[in-house]
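Please prepare a short briefing on this model. Keep it brisk and grouped by topic.

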Amino acid sequence: MIGIDFGGTKIKAASVREQELVRFRSIDTRAAEDPAKILDDLAALARALEPSPESVGLAIPGEVDAGGRCWRLPNVPGFEGVEIARELGARLGGARVVVENDATTAALAESLYGHGRQYESFLLITLGTGIGGGLVLDGRVRPGAHGFAGEFGHLLIESGPGAARCGCGLTGCVEAYAGTRALLARYRAAGGAAENVRDIAEAARAGGEAARAVFEAMGEAIGTGLVAVQNLLDLDAVIFTGGISAASDLILPGVRAGLRRRRFAAPLGEVPLLVSAVGAHAGVIGAAHLTRLPAPIPRRADHPPAVSSVP
């Protein structure tokens, strides 16, 4: 099975056996290029693993409809309306391509091989360039009617003229305070120098107050968003994955404090906060397993109407 995890910064691909990566490739995402060139990169990665693949599972940092048509990728412009499944399949000689949101595919992997074996209802949150979410309820992955369920990064946590602008075009989203760009900007504004989040984490662990404050603010933003999730769903667990989850020791105390400070009832603030048991390649593993599902993860086939009718 071939799985590809198309992220805003990196594209990772692997030939997968159960949860084992048999062969692995990774390249930088050419986010500034047009979609055709990125699709060429995806096809080249798949062919590097298997010259003539019969099927490929693809995780993307956005949403698709049931036929593999992209809504948009907030951090990779130009993909609005692109028939990703069809275009990639054509580049691979007619291979079957199954496309799903990256956080949803990571949640599938976690459900199959990770903490989902113990916790039936959880939100998996991906921490990286963007902040994504995959929802599992009663042991079933739930993408929602149109694929937008679990979009934790775009919950509103601040409003008004001072709210930070998100890559999605709105303001006040969790991602605008907890994504990679936000962390780097906050640290640099405090006088720090960092090329990536790993640099900030190293500074924080070395006792840097500005670096620690960055992760405390990130945790607070995530905790504020999780209050709404917990008040609504009362989950069994919240699971974190993605590159920034390597700094969970710096992030989760702030998340817990934010939850406890704002929760509706005390038990809601004590939900287990876990780091993925599947690891950094959950998106790749979940993507590969999309091709083994008897049918695509169900949602409505068509895009919603441009104007909703109100009875």
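Val56 stands opposite Val97 in β7, in a strand pairing that runs parallel over six bridges between β4 (residues 55-60) and β7. The model is predicted: local features need pLDDT of at least 70, side-chain atom pairs count only at pLDDT 80 or more, and totals for chains, interfaces and linings use all residues. Residues are numbered from 1 along each chain as its sequence is written, and side-chain values use heavy atoms, with hydrogens and water left out.

**The sheet**

- Five strands make an open sheet with mixed pairing, in the order β3-β2-β1-β4-β7.
- β3 (20-28) and β7 (96-101) are the edge strands; each has a single partner strand, so one side of each lacks a neighbour in the sheet.
- From one strand to the next, the twist averages 20°.
- Strands here are DSSP runs of E with at least two residues, helices are runs of H or I with at least four residues, and both are numbered from the N terminus.
- Two strands count as paired if DSSP finds at least two bridges between them.

**Strand β4 and its partners**

- On the β7 side, Ile60 stands opposite Asn101.
- β1 (residues 2-6) also pairs with β4, in the parallel sense, over four bridges.
- Within that pairing, Ile4 stands opposite Leu58.
- Five of the six residues of β4 are buried, leaving the strand mostly covered.
- Buried means under 20% relative accessible area, exposed means over 50%, and partly exposed lies in between (1.4 Å probe, protein chains only).
- Helix α2 (residues 84-91) lies across β4 and β7 and runs at about 145° to β7.
- Axes are lines fitted to C-alpha atoms, for helices over the stretch in contact; angles run from 0 to 180 degrees between N-to-C directions.
- In a regular strand, side chains alternate between the two faces of the sheet.

**Helices α5, α6 and α7**

- In α5 (residues 180-189), the buried residues are Thr180, Ala182, Leu183, Leu184 and Tyr187.
- Their cover includes α4, α6 (197-205) and α7.
- Gly191 follows α5 and has a positive phi, near 95°.
- The axes of α6 and α7 come within 7 Å and cross at roughly 115°.
- On the α6 side, the contact is made by Val197, Ile200, Ala201, Ala203 and Ala204; on the α7 side, by Ala211, Arg212, Val214 and Phe215.
- Contact means heavy atoms within 4.5 Å.

**Glu158**

- Where does Glu158 sit? Glu158 is in the loop between β10 and α4 (175-178).
- Glu158 counts as partly exposed, at 34% relative accessibility.
- Setting aside neighbours within four places in sequence, Glu158 is in contact with Ala163, Thr171, Gly172 and Tyr177.
- The C-alpha atoms of Glu158 and Thr171 are separated by 7.8 Å, with the two residues 13 apart along the chain.
- The side chains of Glu158 and Tyr177 make a polar contact at 2.9 Å.
- A polar contact is a pair of N or O atoms within 3.5 Å; within protein, one must be able to donate a hydrogen and the other to accept it, and residues adjacent in sequence count only if both atoms are side-chain atoms.

**Cysteines**

- How many disulfides does a search of the whole structure find? The search finds zero.
- A disulfide is a pair of cysteine sulfur atoms within 2.5 Å.
- For Cys168, the closest cysteine sulfur is in Cys166 at 3.8 Å, too far for a bond.
- For Cys173, the closest cysteine sulfur is in Cys168 at 3.9 Å, also too far for a bond.
- Cys168 is buried at 10% relative accessibility, and Cys173 is buried at 2%.

**Positive phi in loops**

- Most residues other than glycine have a negative phi.
- Asp138 is not a glycine, yet has a positive phi of about 50°.
- Asp138 lies in the loop between β9 (131-137) and β10 (140-141), and is exposed at 58% relative accessible area.
- Asp234 has a positive phi near 50° and is likewise a residue other than glycine.
- Asp234 is placed in the loop between α7 (209-233) and β11 (237-241).
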